[in-house]
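Hi,

Here is the structure I said I would pass on. Have a look at it first, and my notes follow below.

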Amino acid sequence: MSIYLRPELYEVAFSRLDVDREVEFLIDVFELAGVRVRRVLDLGCGTCTHVHKLARCGYEVYGIDLSRDMLYYARNRGRLALGSGICGDMRCLPFRADFFDVCTCLFDTFRHLVSRYDVVSHLREVWRVLRVGGLYIIDVANPRGYFLDTYTIPESVCDRYDLELLDVDYVNQLEVWRLRVRYGSSWVDVGTLKLRVFFPQELLTILELLGFKVFECFGDYDTSCRLSRDCRCWRMIVVVEKVD
Ligand SMILES: C[S@@+](CC[C@H](N)C(=O)[O-])C[C@H]1O[C@@H](n2cnc3c(N)ncnc32)[C@H](O)[C@@H]1O
């Protein structure tokens, strides 16, 4: 079983209380970068929490996700009343060139690109659908745990699920996690998740080689928190621009 076939469990585990703050951060980033934004694409949009809030802020928002179940759940909760949710693969996007002002890939969705082929085909597609001057914002977990013994996940997001690391493949930079979700008074085993680990300089190098210009890297959903060795930096939020 995959957690993405059980959106109700996904929501219990990962419905972070701060989607409002995350969306405020995204809008702050648009302003900081001086980009006029009308059309936004959220890649791997899941249950469409960001699509919904961005659409309510007046943007024309599209979400794409492989999981019909996640989109169905979002639609049933009215989260696609203003935005659009499309079932599809973020490695092959059903949009015309230069269509979006901003693309986002939030909360570790990018880590589902497990092979080099996946990463490159995805980034080429993002390049194609973004207009020149548009932004791509990627949010992945900060891999500081690989260098230090400490890894801090804020308490608000770790009391509803339990992750057990089953395997680490250092060559392919893959982790396999077993995920259990607290549902009422019991724990439900929702199977395994295979995720790629990205390191900051590796990710920036790939993006630069593909032609993106790095605007900024943040360590949390807070524009005053630049990515650094500070332990507050539990995320790695990379903002790049498509340049000519
Ligand atoms: C960790 S969830 C994040 C969902 C959402 N962005 C959020 O912040 O809650 C990852 C999502 O990516 C989707 N996904 C994984 N691989 C994908 C792919 N190749 N194309 C589109 N969606 C994908 C999954 O179905 C899942 O909904």
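The protein chain has seven helices and ten strands, and bear in mind that this is a predicted model. The C-alpha atoms fill a box of roughly 50 × 40 × 35 Å along the principal axes. For 244 residues, a compact globule would have a radius of gyration near 18 Å, and the protein chain comes out at 17 Å, so the two agree. As for burial, 38% of the 244 residues count as buried. If you take the contacts between residues at least 6 apart in sequence, 63% of them join residues at least 24 apart.

Next, the core. The largest nonpolar core has 58 residues, and those with the most contacts inside it are Val40, Leu41, Cys103, Tyr136, Ile137 and Val238. Strand S5 (residues 130-141) gives the most to this core, with six residues. In soluble globular proteins, nonpolar side chains tend to be buried together.

Helix H3 (residues 49-56) has seven of its eight residues buried, so H3 is largely enclosed by the rest of the structure. After H3 comes Gly58, with a positive phi near 105°.

Helix H4 (residues 68-76) has Met70, Leu71 and Ala74 buried. Looking down the axis of H4, the buried residues fall within an arc of 95°, so they line one face of the helix. Arg68 and Asn76, on the other side of H4, are exposed. What do the buried residues of H4 pack against? Their partners are helix H1 (7-14), strand S2 (60-65) and strand S3 (84-87). H4 is followed by Gly78, where phi is again positive, near 75°.

Finally, the ligand. There are 19 residues around the ligand, and the closest are Gly44, Gly46, Ser67, Met90 and Phe107. Which classes make up that shell? Nine of the residues are nonpolar, six are polar and four are charged.

Cheers

Technical notes. Residues are numbered from 1 along each chain as its sequence is written. This is a predicted model: local features need pLDDT of at least 70, side-chain atom pairs count only at pLDDT 80 or more; totals for chains, interfaces and linings use all residues. A residue is buried if 20 or more other C-beta atoms lie within 10 Å of its own, exposed if 12 or fewer, and partly exposed in between; C-beta atoms are placed from the backbone. Helices (H or I, at least four residues) and strands (E, at least two) are DSSP runs, numbered from the N terminus. The arc is that of the directions from the helix axis to the C-beta atoms. Two residues are in contact if their C-beta atoms, placed from the backbone, lie within 7 Å. The radius of gyration is taken over C-alpha atoms; the globule rule is 2.2 Å times the number of residues to the power 0.38. A residue is near a molecule or strand if its C-beta atom, placed from the backbone, lies within 6 Å of it. Ala, Val, Leu, Ile, Met, Phe, Trp, Tyr, Cys and Pro count as nonpolar, Asp, Glu, Lys and Arg as charged, and the others, Gly among them, as polar. A nonpolar core is a set of buried Ala, Val, Leu, Ile, Met, Phe, Trp, Tyr and Cys residues joined through C-beta atoms within 7 Å.
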